[in-house]
Amino acid sequence: MTVQDGNRVKIHYCGKLIDGTIFDDSSNSEPLQFTMGTGQVIPGFENGIKGMKVGEKKEFLIPCAEAYGERSDDFILEFKKSELPEELDYRLGLKMQLELAPELNVSVEIIEIKEDSVVFDANHQLADQDLVFEVELLEII
């Protein structure tokens with residue numbers, strides 16, 4: 001049996017940048033479980049796993065377009081300080097969650113602090129990056 005859309009899979013993985021820097025590794029934790037074809041993981045990850053058999057190990061490249069996309073100025077957000085919680089200690093480089101709407105939380109990083117406003121970058125930290133994954137398919141559930 002090989003992995004196809006609709007299968008629930010259990011895998012171990014190691015995610016790296018092109019230069020070999022590891023950004024995520026499941027080997028010292030529980031395996032990742034997800035259902036293929038439901039958008040629970042980035043598209044390139046699903047594409048890399050399709051067709052694998054239980055016990056198979058594989059390495060594949062995911063171009064940024066199939067991972068977290070390219071950086072976009074559309075994800076640079078500026079809010080007036082009066083619209084933000086006063087009790088937070090805003091400083092450059094601070095990473096936090098912003099609630100943009102009920103049930104819409106976005107991970108952001110403060111990239112600029114102005115006199116009356118704060119500028120946030122909501123681009124994913126791996127945007128613009130081609131990614132390399134080593135995976136081992138442990139189980140098709």
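What is the accessible surface of the protein, and what share of it belongs to carbon and sulfur atoms? The accessible surface is about 8,900 Å², and 46% of that belongs to carbon and sulfur atoms (Shrake-Rupley method, 1.4 Å probe).

The model is predicted: local features need pLDDT of at least 70, side-chain atom pairs count only at pLDDT 80 or more, and totals for chains, interfaces and linings use all residues. Residues are numbered from 1 along each chain as its sequence is written, and side-chain values use heavy atoms, with hydrogens and water left out.

**Figure 1. Elements and dimensions of the protein.** The protein has 1 helix and 9 strands, in the order β-β-β-α-β-β-β-β-β-β from the N terminus (DSSP runs; helices are H or I, at least four residues, and strands are E, at least two). The C-alpha trace spans about 60 × 35 × 30 Å along its principal axes.

Figure 2. Of the 141 residues, 36% are buried (under 20% relative accessible area, 1.4 Å probe, protein chains only). Among contacts (heavy atoms within 4.5 Å) with a separation of 6 or more, 60% are between residues 24 or more positions apart.

**Figure 3. Charged side chains.** There are 13 positive and 29 negative side chains, with the centres of the two sets 5 Å apart. Lys and Arg count as positive and Asp and Glu as negative, without His and the chain ends; charges are placed at NZ of Lys, CZ of Arg, CG of Asp or CD of Glu.

**Figure 4. Loop residue E103.** E103 is in the loop between β6 (95-101) and β7 (104-113). E103 counts as exposed because its relative accessibility is 84%, the cut-off being over 50%. The C-alpha atoms of E103 and A67 are 23 Å apart, and the two residues are 36 apart in sequence.
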